[in-house]
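Subject: Structure handover and notes

Hello,

Please find the structure below, with notes on what was found in it. Keep the view open while you read.

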Amino acid sequence: MAPSALDLVDEAIADLQARLNLNPTSTKAKPNQAKQQQQKKQQQQKKDKKAAAAAKNNNNNNNNNSNNKNQNQPNEDQPHICKLEFKVGVITKVWNHETADKLYCEEIDIGEAEPRQIASGLRPQFTLEQMHGQRLLVVSNLKAKKLVGFKSHGMVLCAAQKKEGSDEELVEFVEPPPDAKIGEVVTFEGLPKPEPFSANQVDKKKVWQACAEGMKTNDDKAGTWNGHVFMTSGGPCKAKTIAAGVMR
């Protein structure tokens, strides 16, 4: 069999190396060299793919975290009233405060795991029998405060009006309609869906104080803020008889 061109080249190189006293080499590839190079190439490709996947996942996580942060941040551009949370509730338990003559202590179901404990200065206006089972609205994102030693987690919303020819006030609950569900969050006619602040934000930004002046019942006895009616799925929230009264 005639020698190949590669064999002739190897012989020429070997002859030259012998004359120059160099270590012999060969232009022929080692038997496993091509296979090893292919394996290294495949391993590097796997590493590159893993690195690219990790970078993509990290980028997605960053985007998700950014989206979550944006979702958790309330919309500051909404009207103040949309930063308060009014929930439909019902008084399930009520008793006289031990030391404060004007205070009732109540447990109110507003659709949460446990009833809210709230203190209200309504003893001059309502009997215990009138209070128990009363459907009402609870301002549920106010910071908890101690009222004569009783920790109150919110407040009930009432309408008030001076009695004709008297310095006394007539006080009535702003009541949700019968079809409104317990725990339902009140919306406001003509305004965007509320995105309530946390209790700390409400307190820090004095949101209740900013809303108080605009809250009144209209001529139809419906609760309003600057003319925007307090609404539920069952219709507007109203006082029994008080029209053009303050709400607090």
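Two rings of Phe, Tyr or Trp (for Trp, the six-membered ring) are called a pair if their centres lie within 6.5 Å; planes under 30 degrees apart make the pair stacked, over 60 edge-to-face, and the rest tilted. The structure holds 5 aromatic pairs. One of them joins F86 and F230, edge-to-face, with 5.1 Å from centre to centre and 70° between the planes. This pair links distant parts of the chain, since F86 is in strand β1 (residues 86-96) and F230 is in strand β13 (residues 228-232), 144 residues apart. Helices (DSSP runs of H or I, at least four residues) and strands (runs of E, at least two) are numbered from the N terminus.

Before going on, a note on the basis. This is a predicted model, in which local features need pLDDT of at least 70 and side-chain atom pairs count only at pLDDT 80 or more, while totals for chains, interfaces and linings use all residues. Residues are numbered from 1 along each chain as its sequence is written, and side-chain values use heavy atoms, with hydrogens and water left out.

Back to the rings. F86 and F230 are both buried, where buried means under 20% relative accessible area, exposed means over 50%, and partly exposed is in between (1.4 Å probe, protein chains only). The rings of F188 and F230 have centres 5.0 Å apart and planes at 90°, so this pair is edge-to-face. F188 lies in strand β10 (residues 187-188) and F230 in strand β13, so the pair ties together parts 42 residues apart in sequence. F188 is buried, as is F230. Together, F86, F188 and F230 form one aromatic cluster.

Two lysines are placed over rings. A charge sits over a ring if NZ of Lys or CZ of Arg is within 6 Å of the ring centre and within 35 degrees of the ring normal. The charged end of K83 sits over the ring of F197, 5.0 Å from its centre. K93 lies over the face of W95, 5.3 Å from the ring centre.

Next, the nonpolar cores. A nonpolar core is a set of buried Ala, Val, Leu, Ile, Met, Phe, Trp, Tyr and Cys residues joined through side-chain atoms within 4.5 Å. Which residues touch the most other members of the largest core? In this core of 27 residues, they are I81, L84, F86 and F230. Strand β1, strand β4 (135-139) and helix α5 (207-212) each supply at least two residues of the core, and α5 gives the largest share, 3 residues. Not counting residues up to four places away in sequence, I81 touches F86, F188, L191, C211, M215, W225 and F230; contact means heavy atoms within 4.5 Å. Another core lies apart from this one and has 16 residues, including I91, V94, Y104 and V171.

Then the strands around β8. Two strands pair if DSSP finds at least two bridges between them. Strand β8 (residues 158-162) pairs with strand β9 (residues 169-173) in the antiparallel sense over 5 bridges, and A160 stands opposite V171 in β9. The two strands form a hairpin with 6 residues between them, and G165 in the turn has a positive phi of about 75°. β8 is also joined by 2 bridges to strand β15 (residues 246-247), again antiparallel. There, A159 stands opposite M247 in β15.

Is T224 buried or exposed? At 6% relative accessibility, T224 counts as buried, and its place is in strand β12 (residues 223-225). A polar atom of the T224 side chain lies 2.7 Å from the backbone oxygen of K216. Leaving aside neighbours within four places in sequence, T224 is in contact with G214, M215, K216, N218, V229, F230 and M247.

A210 lies in helix α5 and is partly exposed, with a relative accessible area of 40%. Its C-alpha atom is 8.5 Å from that of I81, although A210 and I81 are 129 residues apart along the chain.

V148 has a positive phi, near 50°, and is not a glycine. V148 is in the loop between β5 (145-147) and β6 (150-152) and is exposed, with a relative accessible area of 52%. A244 is not a glycine either and has a positive phi of about 55°. A244 lies in the loop between β14 (235-236) and β15, and is exposed at 53%.

Regards

Technical notes:
A polar contact is a pair of N or O atoms within 3.5 Å; within protein, one must be able to donate a hydrogen and the other to accept it, and residues adjacent in sequence count only if both atoms are side-chain atoms.
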